[in-house]
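Subject: Structure for your review

Dear colleague,

Please find below the structure that I am handing over to you. My findings follow directly after it.

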Amino acid sequence: MSATRMAAYVDPPHGVPLRRSLLYVVLLLGSNLATFLSSSSSSCAPPVAAAPATTTAPRTVLVPEKQPELPPEFHAFAGLHMLPYGRNPNWGTAEMRPPAGHPCLAFPDLLAAFMSYPVNGSCPDDELPAQRLLLRGSPPLPLPDALWSTPRDRSVHWSAYTCKSFRCLVDRARSPRFDDCKDCFDLDGRECRRWLNATASGKKTKNSPLDFSIDEVLASASPPGSIRIGLDIGGGSGTFAVRMSERGVTVVATTVNLNGPFSTVVAARGVVPLYVSVAARLPFFDNTLDVVHSMHVLSGWMPPAAMQFALFDVYRVLRPGGLFWLDHFFCREEEMAAYVEVVESVGFGKLRWVTRRKLDRGAERKEMYLSALLEKPLKNSWRHPSNNS
């Protein structure tokens, strides 16, 4: 590290104690030294041979000791959070961990399954399977046909899913098993009516007050027509991004392919899928996006502290005057006040705010919905609302 850069780290900004700045320097030097020492080995421990079946001793997971001098926000972000509903069968865990910090230590079995080659060795040659996949594939449909057409099955290569065809995905809509997105692959069903005020025939639909339309949201922008680029967090099969595309707005959709090949469907429809989890920092510069939308993904399954960090990141990437559309957020009734406090703490201005009971899974569950259209302030965007005079 150059002397100039070192001085920048040593010279603390106003209001930061010198002792804390020196601690940051020590941590920085320590991390550089660790990187140097590990240059001849992997950053993660190599896979360990499986223990005999008779072994019952628990695996010890080493966790770095907490540094009391670091800000509490650091520990809240880098530490684990327990899921409010307990173990999630999709993730196979009851904990939510940050994308950096603990994966090598906390999930050795997954690491061993993933690393099927010697540490620091060459990756396996996958040219042959890649060529087979390319030869059996087919080009996507051209625009605008691709926007509302079920993709062709010749491009399917889904070893991780029960469905091996798009027709199978469409038929999930008639499955009795509850799934948050079980009907979102049926582009001729409810999906084609999402976020509209009128049907294709021009007749008004009877929408819930929770159902904001895209045209209403675009009209809320100041100045009109200033919504051009955005993000859909947990974009499902890409319909929100497609609707925006039809209105000249470029939106990328995040997906992690839980319960289905969402990224394949999104890409086949001519929309960009982005592989980002809700625990990761959004890969956008500060103050760049005009709109961020999220439906269901940011909901009560997340611990409030983890959701607050996600919302702070949404606030970061939105430009002043940008819109955040929290669409059908849901949680248990007794938890609503805590989550509302989290949303309000970020600093957004409220353009629309609607709460209703969630009854689709039964009134006995005592769940609530919240739909909100929020705006990042044009002035003092980085000041906490409690500090505003």
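Of the 389 residues in the protein chain, 35% count as buried. Please bear in mind that this is a predicted model. The chain exposes about 22900 Å², and 59% of that area is supplied by carbon and sulfur atoms.

As to secondary structure, the protein chain contains twelve helices and nine strands. Among the contacts with a separation of 6 or more, 64% are accounted for by residues 24 or more positions apart.

On the surface, a nonpolar patch is formed by Trp91, Val256, Leu258 and Tyr275. Together these residues have about 410 Å² of accessible area. Tyr275 is placed in the loop between β5 (273-274) and β6 (289-295). Its relative accessibility is 70%, and the cut-off for exposed is over 50%; Tyr275 therefore counts as exposed.

A probe the size of a water molecule, rolled over the atoms, shows where empty space is left. The count comes to one cavity of 30 Å³ or more. About 50 Å³ of space lies in the largest cavity. Which residues line the largest cavity? The lining consists of Thr150, Pro151, Phe166, Leu169, Val170, Phe185, Leu187 and Val265. Helix α7 (residues 166-170) contributes the largest share of this lining, with three residues.

Yours sincerely

Conventions:
Residues numbered from 1 in each chain as written. Predicted model: local features only at pLDDT ≥ 70, side-chain atom pairs only at ≥ 80, totals over all residues. Heavy atoms only, no water. Helix = DSSP H or I, 4+ residues; strand = E, 2+ residues; numbered from the N terminus. Buried < 20%, exposed > 50% of the residue type's maximum accessible area, 1.4 Å probe, protein only. Contact = heavy atoms within 4.5 Å. Areas by Shrake-Rupley, 256 points an atom, 1.4 Å probe, with all protein chains shown as cover. Patch = residues over 30% accessible without salt bridge, like charges linked within 9 Å, V, L, I, M, F, W, Y side chains within 5 Å. Salt bridge = Lys/Arg side-chain N within 4 Å of Asp/Glu carboxyl O. 1 Å grid on protein atoms, 1.4 Å probe; cavity = no way out; pocket = protein on both sides within 12 Å on 5 of 7 lines; lining within 4 Å. Points joined across faces, edges and corners; volume = space filled by probe spheres on them.
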